Amino acid sequence: MKSWPLILAMLLAISRVAEAHRLDDLLQAAFIEITPTEIRLQLNLNPGVEVSDKLIWMIDRDGDRTISAAEEKIFSECLKQRLSVSVDNHPLALEVLSAEFDPPSELRSGSGNIKVEMRGRLSHPLAGMLRLRFENRNWSEMSAYLVNAVLPRNPTIRILKQVRNDNQSLGWIDFSVEPSKSEGWTRTAPLIATALLAMSGLLFICRKQRVDSIRRGNQIDGGGVASVK
Amino acid sequence: MQARPLLLIFLILFAHSALGGASAQTDSSISKIVAAATSFLSTLDDAQRHKVQFEFKDETQRKRWSNLPMGIFKREGLRSGDLSEPQRKAMWTVLQAALSANGYEKIARIVEADEVLGKSDGGGRLMFGKDEYYVSFLGAPSASEPWILQFGGHHLALNITFVGNLATIAPSHTGVQPAIYQLEGKTIRPLGQETDKAFALINSLNDAQRKEAILGVQMRDLVLGPGRDGQSIQPEGIKGSSLTEKQREMLLDLASEWTGIQNEAAAKAKMLDLQKNVAETWFAWSGPTEKNSAAYFRIQGPTVIIEYAPQRLGGDATKHIHTIYREPTNEFGAGFLKH
């Protein structure tokens, strides 16, 4: 049983944390990376001291004060359920790729971090002007949000504009994708080949018609000469 | 044919001088820093030396920096409070050699603010105050081989990497609480210049420029703060090319509050680099623009990211500030080492 001095000491410690650091909110920082074939999402959770127990209670399902790999997986999957990503109004199915959880003691102190990496595969390669929409509906009552587009590594992708709602639980990223040179060649090569074949065929037909008409002309002329002779 | 080797030598020399021009400090300043560091190390006993010294490539120690006080975030190295008075003096002499006069004063005032916070609060489990700052070395201090000087505690994380006569403070965190305090009858604002210059810049923008610069969303914290190493984000706000010449000067002057923490030669070299890229450098703002209100801002260019974020905890957000300085292409001197 906890003694009153211990409880008072704990309360005092919490009040001191309040003086210096995040206390009553859960910071959820999302980084969104756009690639030609998938959307990568990294979500970082930093719980404040007052809300950390609530978060740990949700993660540590068996209450043994440690976070098992199974608990990490269940929590990450739950987290995913209340996230949504769509590109040009086409929702993407998110897949959890990895999760890193700091120990409960660090999460409880206000210094801990939970990092979950996800991806949404695209059904077809992106091209043209597009809009990505991201929404995080996890624990809105106790969260502070940040959402940012990662600087694209692929030179064919350009971020044009980022728009967010006031608390950043919702964000839109306008971006463009230029077909790369190799992609462009892959796409246009059959067209060019078909056009070249058609032109060759046309030239062949024209030439054949010309040769035929010359031959016909020669035959007529020859007949004429013969008659003159 | 014989001209080719000569051309190659010329190009190598040119590249070397260009690189040196971008970030170098003089041989004498690096010698002075190494001498001060060696002198500090010579004051330590074996056990202390063992504690303070890490491998240059020690990834765990490189990541061991934070805005948080020791009671929450454990650091390694030598604790200032565990040093004797001559040792502590020698440690501050290393910082004095490694930093500019303004940078040294800023760091000392941040540490002093934590002492003020500790005295007003009692500290307790969180452990505030001058004694709770840690020093460590990654690699041996050298004028030719790479090494890192780390100094940090609550609201301060300096990671100064030296590679020969090149130096960078990326990544480093400065912060303060209380942001304003009295000391020996004087009003002290450790990050006052950053705050004042930022408000002067945002208020110099016309309506159209402000529309570009102001993000119009809540920014509750640093986006690329401690623990976000290696992350990069799309720049936002107003681009340097859309600023007037005077405003670009103001932007660089604001950035100099961070680049100018390191010693004068390294600071000058970094400023030349920022000047070169100023047209491609963005300035973003979030929050009110009235002077002395709580507002977030970010400076982001090809070779720099600076963020300034008031913290709402502790009551008045203007009294509790976090900032970060990063060089996306040169964290812990990675860019120097590539060459």
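Biologist: How many residues of chain B are in contact with chain A?
Modeller: This is a predicted model. Contact here means heavy atoms within 4.5 Å. On the side of chain A, 35 residues take part, and the count for chain B is 35.

Biologist: What area is buried between chain B and chain A?
Modeller: Carbon and sulfur atoms give 51% of this area. In chain B, B:R228, B:Q234 and B:L313 lose the most area to chain A, together 21% of what that side buries. The area buried between the two chains is about 2900 Å².

Biologist: Which residue of chain A meets B:R220 in a salt bridge?
Modeller: Side chains of opposite charge can pair when their charged atoms come close. Across the interface of chain B and chain A, the rule finds two salt bridges. In the one at B:R220, the N to O distance is 2.6 Å, and the partner is A:D25.

Biologist: How many residues are charged on the side of chain B that touches chain A?
Modeller: Seven residue pairs are in polar contact across the interface of chain B and chain A. The side of chain B that touches chain A has 13 nonpolar and 14 polar residues, and its charged residues number eight.

Biologist: How many residues apart in sequence are the parts tied together by A:R153 and A:E33?
Modeller: Over all chains, the count comes to 33 salt bridges. One of them joins the side chains of A:R153 and A:E33, at 2.7 Å from N to O. A:R153 lies in the loop between β8 and β9 of chain A, and A:E33 lies in strand β1 of chain A, so the pair ties together parts whose separation in sequence is 120 residues.

Biologist: At what angle do the axes of α9 and α10 of chain B cross?
Modeller: Helix α9 covers residues 245-259 and helix α10 covers residues 264-276. B:L252 and B:A255 are among the residues of α9(B) that meet α10(B), where B:M271 and B:L274 are among the partners. The crossing is right-handed, and the axes come within 10 Å and cross at roughly 145°.

Biologist: Where is B:P171, which a cis peptide bond joins to B:A170?
Modeller: Most peptide bonds are trans. The bond between B:A170 and B:P171 is cis, with omega about 0°. B:P171 sits in chain B, in the loop between β6 and β7.

Biologist: What is the phi of A:R65?
Modeller: Most residues other than glycine have a negative phi. A:R65 lies in the loop between α2 and α3 of chain A. A:R65 is not a glycine, yet its phi is positive, about 70°.

How values were computed. Residues numbered from 1 in each chain as written. Chains lettered and ligands numbered in written order. Predicted model: local features only at pLDDT ≥ 70, side-chain atom pairs only at ≥ 80, totals over all residues. Heavy atoms only, no water. Axes fitted to C-alpha atoms, helices over the stretch in contact; angles between N-to-C directions. Helix = DSSP H or I, 4+ residues; strand = E, 2+ residues; numbered from the N terminus. Left-handed = near helix turned anticlockwise from the far one by under 90°. Buried area = accessible area lost by both parts, 1.4 Å probe. Salt bridge = Lys/Arg side-chain N within 4 Å of Asp/Glu carboxyl O. Polar contact = N/O pair within 3.5 Å; in protein donor to acceptor, adjacent residues only side chain to side chain. Nonpolar A, V, L, I, M, F, W, Y, C, P; charged D, E, K, R; others polar.
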